Amino acid sequence: MAWQCERCGREFRQRNTTHACNTGREVEAVFTGIRARWQPLYGGIKRAFEARGLPFYEYCPSSGVLWKQRCTFAEFKPKRDTLEVCCFSDRLQPDRHPVRTLQPSTNRVLHSVELKEDADLATLIDWLTESYVLTQ
């Protein structure tokens with residue numbers, strides 16, 4: 001059963017989880033300066049994922065934008081030349097051409113991929129959906 005902080009409204013898996021009651025920055029603040037060129041791509045990804053009807057919310061720490069449900073299932077980091085997207089799979093998938101992977105548990109592998117303006121959004125939305133389901 002999820003626990004919700006009374007002060008900030010964030011939900012956690014464990015009761016009384018230690019955290020900072022910080023709502024983060026606005027999404028627009030993440031895409032400023034040289035990173036502004038990635039806001040249209042991020043917006044397209046967000047609209048396409050929202051069309052799947054899966055509820056989530058955005059949280060914006062200093063590193064980028066996190067997509068959360070009960071826990072984080074995706075991270076978007078705008079950089080100078082790419083938009084880095086991190087999401088989970090239940091196995092290592094080299095066909096995703098990750099720039100980095102991390103295996104935090106036996107059934108979960110984090111893949112970080114770098115997107116350009118011509119990114120294949122349909123495939124990415126499938127990856128994000130898989131990550132969403134896996135982290136429920």
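**Note on the predicted model: salt bridges, core and one backbone angle**

1. Lys 79 and Glu 84 form a salt bridge, with their closest N and O atoms 3.0 Å apart; a salt bridge here is a side-chain nitrogen of Lys or Arg within 4 Å of a carboxyl oxygen of Asp or Glu. Glu 84 is buried at a relative accessible area of 1%, while Lys 79 is partly exposed at 35%. Buried means under 20% relative accessible area, exposed over 50%, and partly exposed in between (1.4 Å probe, protein chains only).

2. This is a predicted model, in which local features need pLDDT of at least 70, side-chain atom pairs count only at pLDDT 80 or more, and totals for chains, interfaces and linings use all residues. Residues are numbered from 1 along each chain as its sequence is written, and side-chain values use heavy atoms, with hydrogens and water left out.

3. The salt-bridge count comes to 9. One of them joins the side chains of Arg 52 and Asp 126 (2.7 Å, N to O). Arg 52 lies in the loop between helix 2 and strand 3 (57–59) and Asp 126 in helix 3, so the pair ties together parts that are 74 residues apart in sequence. Helices (H or I, at least four residues) and strands (E, at least two) are DSSP runs, numbered from the N terminus. Arg 52 is partly exposed at 38%, as is Asp 126 at 42%.

4. Glu 130 and Arg 91 also form a salt bridge, their closest N and O atoms being 4.0 Å apart. This pair links distant parts of the chain, 39 residues apart: Glu 130 is in helix 3, and Arg 91 is in the loop between strand 6 and strand 7. Through shared partners, salt bridges join Asp 90, Arg 91, Arg 96 and Glu 130 into one network.

5. The largest nonpolar core has 25 residues, of which Ile 45, Val 65, Trp 67, Phe 76, Leu 83 and Leu 128 touch the most other members. Such a core is a set of buried Ala, Val, Leu, Ile, Met, Phe, Trp, Tyr and Cys residues joined through side-chain atoms within 4.5 Å. Helix 3 (121–134) is among the elements that each supply at least two residues, and helix 3 gives the most, with 5.

6. Beyond its neighbours within four places in sequence, Trp 67 has contacts (heavy atoms within 4.5 Å) that include Tyr 42, Ile 45, Phe 76 and Leu 128.

7. His 97 is not a glycine, yet has a positive phi of about 55°. Most residues other than glycine have a negative phi. His 97 lies in the loop between strand 6 and strand 7 (100–105) and is exposed, at 62% relative accessible area.
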